[in-house]
Amino acid sequence: MYVAFDDTDSVTSMCTTFLATEVVRALSDHDLIGYPRLVRLNPSVPWKTRGNGALCLRFGKGSGASSVIGQIGDLKVRSHRRSLGDPDQDELMERCSRLLRLWSRTQEDASPGLVVSPSPPSPRLYWRTVREVVPKEEVMEELRRIGASALELSGGRGVIGASAAMAWRPRDRTYEVLAYRAKERWGTPRQVMPQDVERLDARFPSTFNNYDHVARRPAIVPHSPCPILFGIRGDDVSELPEAMRSVSSEPVDRWLLFMSNQGTDDHIVRRWRELRPWSSYRVEGEVVRAPATIPGGHVILRLRTKAGEVDCAAYEPSKEFRGVVRQLVPGDLLVAFGELRERPRTLNLEKIEVVALAEHRRKVSNPACPDCGKAMGSMGRGGWYRCKRCGRKAQGGERTELVPRAIEEGWYEPPVRARRHISMPLKRQLARGLRS
Ligand code: ATP
């Protein structure tokens, strides 16, 4: 029996993954089948609180091998590979509804949804919800088709995310271990040893997005007043509990391992005919207008793509990544990944591959007059010149020199703190040998 929920938290408190630990504890008379799933959905939806994450758990009667995947108080959380039978749907609905009502921040804008179902929705629902904006009616129709029960509080928009999380059948997956704080510490500054976090990349090679080596800051510690102490992400689930223990910190109140679509690029639309706002794309193109820095410190350049010209933006929070973008010149060929914003209509860059660098030349002097040999003066636009002595007009012919490029062909991405949860970091992409 699948249990999924979303939209329980607010910007100032709670976290839907914490509710997952409460559900696991409350339903410990049933067995957990597989890993709890933390599923990130379309990062462009305007009504997300933070990372547009939804949760899905599966309960049953465990059989075969099991492993420890967490600790909540005295409870060692075990996950079973297979299930021999389902708990009662109504019983699970009733017990989880109570928890949802207890923990949801409905007084602070949350619009929670809970879905309980003996079978998951079509995987198509996941792919639509991770890449587009999906109307709730469409989701409700799919839930009726599969015989799911749903609880909607304060509008119940969360059923969209919950159903999509349940619909996820991983093609690619990563894992995250989340460590939580004791309740009395929620909202206070977190105590986590930065040096231990800095060492994670080297000690646990499958982990990623741990530490910002330029800003010299841990990236595993949230800044919101939520119950999470830190979260470590990686490809090899067996490394994560040890990685967690290697970080000295205030006491860890509870911890749990999640399977996730974080770091997979599942949100990126690769085959498209036109670019539509509220979705993220892989776009090939040629730089046609040099990068310009606009007020606020954002850097904008124009790319010619198969669907026409589009402005691409490296926003201020992407920090040193803007320095890379500033090095591009007209003629450079790129592959760009990013979300298309509606207003201003820009492709918000998540990473780029510089495929081919153009020859960059700079004018050294104006041409000489073809009639009298005297140096000509520029007429302004269009590369036209006029001879100062005889008045002859001519276009082009100026002397230029090659400007050495301060950038190489290859991949570039923003620093850890400016990355999306679902974006595939280059560390992971290159380790897997994936081409763009
Ligand atoms: P957190 O990351 O802290 O859990 P959040 O960023 O996930 O918070 P939510 O509070 O879950 O934010 O809000 C996201 C809302 O958007 C949910 O109600 C979810 O159902 C809905 N939603 C998610 N993806 C889509 C989509 N593609 N189309 C329409 N609605 C969506």
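1. In strand β16, the bridge partner of Val269 is Tyr281. Strand β15 (residues 268-269) and strand β16 (residues 280-294) pair in the parallel sense, over two bridges. Two strands are said to pair if DSSP finds at least two bridges between them. Strands (E, at least two residues) and helices (H or I, at least four) are DSSP runs, numbered from the N terminus.

2. This is a predicted model, in which local features need pLDDT of at least 70 and side-chain atom pairs count only at pLDDT 80 or more, while totals for chains, interfaces and linings use all residues. Residues are numbered from 1 along each chain as its sequence is written, and side-chain values use heavy atoms, with hydrogens and water left out.

3. Strand β16 also pairs with β19 and β17. With β19 the pairing is antiparallel, over seven bridges, and Ser280 has Glu339 as its bridge partner in β19. With strand β17 (residues 298-305), β16 is joined by six bridges, and the two run antiparallel. Within β17, Leu303 stands opposite Val287. The hairpin of β16 and β17 has three residues between the strands, and Gly296 takes a positive phi near 100° there.

4. A separate point concerns an open sheet of three strands, with the order β22-β23-β24 and antiparallel pairing. Strands β22 (376-378) and β24 (393-395) stand at the edges, each with a single partner strand, so one side of each is left without a neighbour in the sheet. Neighbouring strands of this sheet are turned by 35° against each other on average, direction ignored. The axes behind this angle are lines fitted to C-alpha atoms, for helices over the stretch in contact, and angles run from 0 to 180 degrees between N-to-C directions. Strand β22 pairs with strand β23 (residues 384-387) in the antiparallel sense over three bridges, and Met376 has Cys387 of β23 as its bridge partner.

5. Where does Asp332 lie? Asp332 is found in the loop between α9 (321-326) and β19 (333-340). Asp332 counts as buried because its relative accessibility is 0%; buried means under 20% relative accessible area, exposed over 50%, and partly exposed in between (1.4 Å probe, protein chains only). The side chain of Asp332 makes a polar contact with the side chain of Arg405, at 2.7 Å. A polar atom of the Asp332 side chain also lies 2.7 Å from the backbone nitrogen of Ala358. A polar contact is a pair of N or O atoms within 3.5 Å; within protein, one must be able to donate a hydrogen and the other to accept it, and residues adjacent in sequence count only if both atoms are side-chain atoms.

6. There are 23 residues around the ligand, of which Asp6, Asp7, Asp9, Thr49 and Asn52 come nearest. A residue is near a molecule if one of its heavy atoms lies within 4 Å of it. The shell divides into six nonpolar, nine polar and eight charged residues.

7. A polar backbone atom of Asn52 is 2.6 Å from an oxygen atom of the ligand, and a backbone N or O atom of Gly53 lies 2.7 Å from an oxygen atom of the ligand. For Val134, a backbone N or O atom lies 2.9 Å from a nitrogen atom of the ligand. Taken alone the ligand exposes 640 Å², and the protein buries 97% of that.

8. Helix α5 (residues 158-167) gives the most to the shell around the ligand, with three residues. This helix is mostly covered, with 10 of its 10 residues buried; among them are Gly158, Ile160 and Met166.

Technical notes
Areas by Shrake-Rupley, 256 points an atom, 1.4 Å probe, with all protein chains shown as cover. Nonpolar A, V, L, I, M, F, W, Y, C, P; charged D, E, K, R; others polar.
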